Amino acid sequence: MTLMTPPPIDPEEEEMLVPRSEFAAAEGPQPMEVTPAEATNTVVTPVDDDPPSARFTWTIENFSRLNGKKLYSDVFFVGGYKWRVLIFPKGNNVDHLSMYLDVADSTTLPYGWSRYAQFSLAVVNQIHGKFTMRKDTQHQFNARESDWGFTSFMPLSELYDPSRGYLLNDTCIVEADVAVRKVVDYWSHDSKKETGYVGLKNQGATCYMNSLLQTLYHIPYFRKAVYHMPTTENDMPSGSIPLALQSLFYKLQYSDTSVATKELTKSFGWDTYDSFMQHDVQELNRVLCEKLEDKMKGTVVEGTIQQLFEGHHMNYIECINVDYKSTRKESFYDLQLDVKGCRDVYASFDKYVEVERLEGDNKYHAEQHGLQDAKKGVLFIDFPPVLQLQLKRFEYDFMRDTMVKINDRYEFPLQLDLNRENGKYLSPQADRSVRNLYTLHSVLVHSGGVHGGHYYAYIRPTLSDQWLKFDDERVTKEDMKRAMDEQYGGEEELPQANPGFNNSPFKFTKYSNAYMLVYIRESDKEKIICNVDEKDVAEHLRIRLKKEQEEKEQKRKEKAEAHLYTIIKVARDENLHEQIGKNIFFDLVDHDKVRSFRIQKQISFALFKEEVAKELSIPVQCQRFWLWAKRQNHTYRPNRPLTPLEEAQSVGHLREVSNKANNAELKLFLEVELGPNSQPVLPPAKTKEEILLFFKLYDPLKEELRYVGRLFVKGTGKPTEILTKLNELAGFAPNEEIELFEVSLLISLFCYSVMLDHESFNLNLTHPFLIQEIKFEPNVMCEHVDKKLTFRASQLEDGDIICFQKPLQAGIKCRYPDVPAFLEYVHNRQVVRFRSLEKPKEDEFSLELSKLHNYDDVVERVASHLNLDDPSKIRLTSHNCYSQQPKPQPIKYQGVEHLSDILAHYNQTSDILYYEVLDIPLPELQGLKTLKVAFHHATKDEVVIHTIRLPKQSTVGDVINDLKTKVELSHKDAELRLLEVFYHKIYKIFPLNEKIENINDQYWTLRAEEITEEEKTLDPEDRLIHVYHFTKDTTQNQQVQNFGEPFFLVIREDETLAEVKIRIQKKLQVPDEEFSKWKFAFLSLGRPTYLQDSDVVSNRFQRRDVYGAWEQYLGLEHSDTTSKRSYAANQNRHTFEKPVRIYN
C-alpha cells in the first residue's frame, strides 16, 4: 500500500486515499449515530457461498434528508468475509462526499487478523451512466486500518445538484466492486537469500521512488557512472546527492538486508511531508536525471545521462502543393506513448509517427506561400541505447472534468524492433546501419487508481530469462508471465465457482498494469550490462560504508546477544550537579545521560563493583549502591541500599528481582562519601531510622535551581536540626533564614497556607515563617515542610527531594518569588518558534511562553517582538506535525483556551506557529466574509484583484455595491454581475440575493464585469452564448485545452459566423494578421465542430439558461500566447499531482 504507517488525516487538508478518520475521536470502536434511511441493498456475485469477488449495490432513498453524520450499508459477504460501505453524506469534515469500504466485524476478529482486497466505490449517475463517479484502490485491512477509501470522493455541490444526475428523486445509488485476494506473509521472506538482491525501505509513500531507483541501479553502466562522480570524505550524504546515491547503490550491491533511502531524500532537500507525498515516476525520473546531468558536468562522467537515455526526433511540416518544408530537431530522454486506443507498443509508435493532414479550415500558413495544404508529423533521427517508454495510463477526462486512469489491455513485446517495415519510424537523416532492436529490461507497474496506489518493478538485471519483482523491501523471483502478460491490464475473468448455474462470468478490471517500460538495445547491451565491482567505488566511500556496516553489525550482534547481558545505569552526585537546573527540575536525573555498563548476566555483582572501581577510580569498599524504585506518581527515587546478600548474587538475578517492569536495565544510585581531602572514604553504616534526602537550592533573583547535595536525617528528627548544614551546602551564613519545600508530582489541585511564628520552633529568627502547600494542575506538587513535625510525621522517605531558598526581603520583587511559583513556571513554559505564513522557510524567531497563555497573551508577545502597536491584527495558524506544513485554515480567535491546545496536533505537540499581520483586527475580520474578486474593466485591457470584506449574512448584491465604490465604471449607471470561473470556463452567474457565506473562492475564481448594453436589450430570438479560447494538445491525443479569459456574447437570430467574427475581433482587439489564423468551432462536451463563415451561429445553440451552458460554447482556436501562470492556488490540485522538486 502507499502509506506504510498513514498519519492521522487533517480534516482541513486535501485528501488522497486514506483510512476513514474521526478527528479528535478516541481510539477503538466509536458509538454511531446512524440515521435510518429507506435503503435497499443487493449483491451481484457468481453463485457461490464463498465468492472471491462481488458487486454490492446500495440504494439510499431520502438521501438529502439524512441527518446522521455517517451511514453504514447492510453487511455483505465477499471471499467469506463480512464487508459494508460507510458514507458521510455531508462529508467527513470536508466539503466532499466521504466513502469507505469497512470490515464489518473488525471488533470481534482475533488478534493479528488481516485481509487484502482490490475494490472500487462508485456513485451511479442515473441520467448518464458514463458519468458515474468511480474510484478504485486496494488495501490490506487490519485492526489498525479496518476501513479504507476516499475522504474527498466527490464534491457535495455536484452530488446534491439534481441536474448532475447523481440524486434522482432524492435517491442515491452506491456501488462497491470487491475482489478478495490472498494475503502473503511479507516479513518472513529473506530477499538476499532467495534472490541475491535486496529491496528498499518505504518511508511512507516512496514506493514510486523505490521502483525507479531499482531500475536505474540495475543499469550497471549508470551505476558505474554514479560511482565515478567525484565526492570527498568530508562530504555528508544528507547534503550531497552524488554521495547519497553512491551510498545507496553500494548498500544495494553489498548489503544483506533492505536499504533505507532517508539519506537520499534528505540530500534532495525533502522533509517528512515529501516522504508521505506520492508523486509520478516519470516526473521523478526526469527531475533526478536532470539534476545528475547537471552535477556530472565538468567531471569524468560528464555526458553519461545523454549517452544512455538521449534520443532525437524530427518534427516536420511539409506542404503538398508547393516546395516548402519546415523541420525542427528535438531531443528526448523518454517517450510518452498513448495507451488509449492502442493495442500494443507498435500501435503506439504507429500513432506517434502518424501523419496529420492540414487542409480545409486547418491549412498551414507557410512563409511566402500563405495558407497551404500540408502534412505534419514526427520521425525519429536516432534512438538511445536505453529506451524509456512512459505509458500514458493517466489522462484528463474533459467530460468528467477529472483525471482518470486507463486500465485498458496494452501489450508490450520482449523484443522491440524499431527498424520494422523498412524503418517506418525513422527520418531520412537517420543512420540506417544502426540496428534498433531492443530487449525488455524493466517493467514498472502501478497498482491502484488515479487517487493513489502502489508502485513496484519487474526487472531482468542481467537480461536472462529470470525476472525479479522489486516491491519495496521484498524481492522475489517471478516468471515471464507474471512480469509481462499479467501487467498488460484489461479485465480479469474470474473462474466460475458453480459452472452448472447459468450466470454470466464475473469480470473485474485489473488495476495493476505496466506504467513504464525500459528497453536496452541489443547492440549496446554488452556495454550497458557491464561489470561493476568495488574497484569502481571511491576508497573513502568504501571505508565509510564498511565502517557503517561494521557498526550496524555490532549493533545487530548486541541486539542478538541482549538476552545474555544486563545494562546497568549508574547515577552519581556528579550527574545530579550537571543536570538539575538545566533540563531536570522535578526529578533527580535523566537515566539516559548517566554512565552505563553492559555486563554479562552471570557475572557476580562483586565483580561488577571491581569494574566500577577501575572505570571511575572509586575503591570497591567505598561504593554503596541504591536501587531506584518507581513510585505511584511515576517518578523514580533511590529507594534502599543493596544488602550484602544481594551484592553476592549475579547481576542478572539482581536485575530480575529489582526491576520486573523493565528486564533490560538495572538502575542504581552510587553513594560515595568524600573525606576532608575529597577522596572517597568508607560510607557510614545506615540504620533503619535514617532517611536519605536530596536537596536543591532556589535563587529567586537569578531564577535558578541547582543541586547542592544529600543528607541522612533521622526519621524522628526535625528540619530545625539540619538548617545549619543546609546553609553550609548553599554557602550561606550558618544562621541564614531559609524556607523548605518538598517537591513531587501528583494530579491534584488545591492550596492552603498558614503563618507560624518563630517561637514555635525555638529558632532565633526575626521574621514569622510562612508555611504553605500548593498543589496545581496538571501534576506538580510543592509542599511547605512543617518544621514542627518530624521527618517521619511529614511522610518523608528515602529519595525524597527538598527545595529550599532564602525568603525575599521586603520591597524586592521577582517574577517567581518562591519555589512553587518557579516550578509552576517551569512546568508550563513552552518555547515556540514563529514563522511568517507567507515566507515560512525564511527567518524564524523563538519566544518563551506559558502553556497556560491564551490567544491574546500569545499575539501580544508576538506583536511586541515585531514592534507592532495592535496585537489584535496578528492571526496565527497551527503546524501540521505530519506534513511539516501550516494547516490550511488559521486558528479562530479565542477558538481554543490555552497555548497547549493551540500547539496540539492529534497525539503530538508542535513547537511551531505561523503568523500573519492583517490590515484589520482579527475579531472584526472573523465576523466578515472575505472574497477576492477579479474586476475586468469594460473598455480597458486590465484586470484588478479586489478584496471585499462584508458581514457573512451579506448578499452578492452587497458585494457588487461595495465593488462599485472601488472600481472605475464605463458610465455611472453601469450594472455589474459576479461570475464563477474555473479552468477558463464560466460556470455560474451569481443571483443578487445569494448569501456570500456559502461562496468558496478558494478553488474558483470570482470575476466581476459590467453587463453590456446589448445584453440588456435582448430580443426573444437572440442568444447569450459562452465563448472560450482553446487549443489542441498534440501530446494528449489532440484533446481540447481551454485557456485565457472566457466571456459572454450576444448572437442575433440570423447572424452568420462572418458577422460574429467582426464583433469578436473588435471586442478582443486582435490584429488582422493574427486573427486570420484563428479558427472557430461549436463545441459540445469537448468535441469541436468547425464552422464556416456562412454558417448561422444561433442554429447550433439550444435554448437554455446560461447556468450550465458551459457544455456548449463557441470556441476560438488559436495558439496560447499568454504567459503561463501557476493555478495551483485555485485549481484544486490534489496532493498526488504536486510537482516533484529536488532542492539541492
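I will take a helix pair, then a sheet, then some aromatic rings.

First, the ground rules: this is a predicted model, where local features need pLDDT of at least 70 and side-chain atom pairs count only at pLDDT 80 or more, while totals for chains, interfaces and linings use all residues. Residues are numbered from 1 along each chain as its sequence is written, and side-chain values use heavy atoms, with hydrogens and water left out.

Helices and strands here are DSSP runs, H or I of at least four residues for helices and E of at least two for strands, numbered from the N terminus. Start with helix H3, residues 207–217, and helix H5, residues 241–254: their axes come within 11 Å and cross at roughly 75 degrees. Axes are lines fitted to C-alpha atoms, for helices over the stretch in contact, and angles run from 0 to 180 degrees between N-to-C directions. H3 and H5 are therefore roughly perpendicular, the word for 65 to 115 degrees.

Which residues in H3 meet H5? They are Leu-213, Gln-214, Leu-216 and Tyr-217, and on the H5 side Leu-245, Leu-248, Phe-249, Leu-252 and Gln-253. Contact means heavy atoms within 4.5 Å.

Next, the sheet. Five strands form an open sheet with mixed pairing, in the order S31-S30-S34-S32-S33. Two strands pair if DSSP finds at least two bridges between them. At the edges are S31 (595–600) and S33 (636–641), each pairing on one side only. From one strand to the next, the twist averages 40 degrees.

S30, residues 565–571, pairs with S31 in the antiparallel sense over six bridges, and Thr-566 stands opposite Ile-599 in S31. Helix H16 (residues 605–616) packs on the sheet, touching S30, S31, S32 and S34, and its direction makes about 140 degrees with that of S31. Helix H18 (residues 651–658) also packs on the sheet and touches S30, S31, S32 and S34, with its direction at about 70 degrees to that of S30.

Last, the rings. Rings of Phe, Tyr and Trp (its six-membered ring) pair if their centres lie within 6.5 Å; planes under 30 degrees apart are stacked, over 60 edge-to-face, and the rest tilted. The count comes to 43 aromatic pairs. One of them is Tyr-855 with Tyr-893, edge-to-face, at 5.6 Å centre to centre and 85 degrees between the planes. Tyr-855 is in helix H21 and Tyr-893 in the loop between strand S47 and helix H22, 38 residues apart.

Is Tyr-855 buried or exposed? At 1% relative accessibility, Tyr-855 is buried, whereas Tyr-893, at 22%, is partly exposed. Buried means under 20% relative accessible area, exposed over 50%, and partly exposed in between, with a 1.4 Å probe and protein chains only.

Notes: Parallel < 35°, antiparallel > 145°, perpendicular 65-115°, else oblique.
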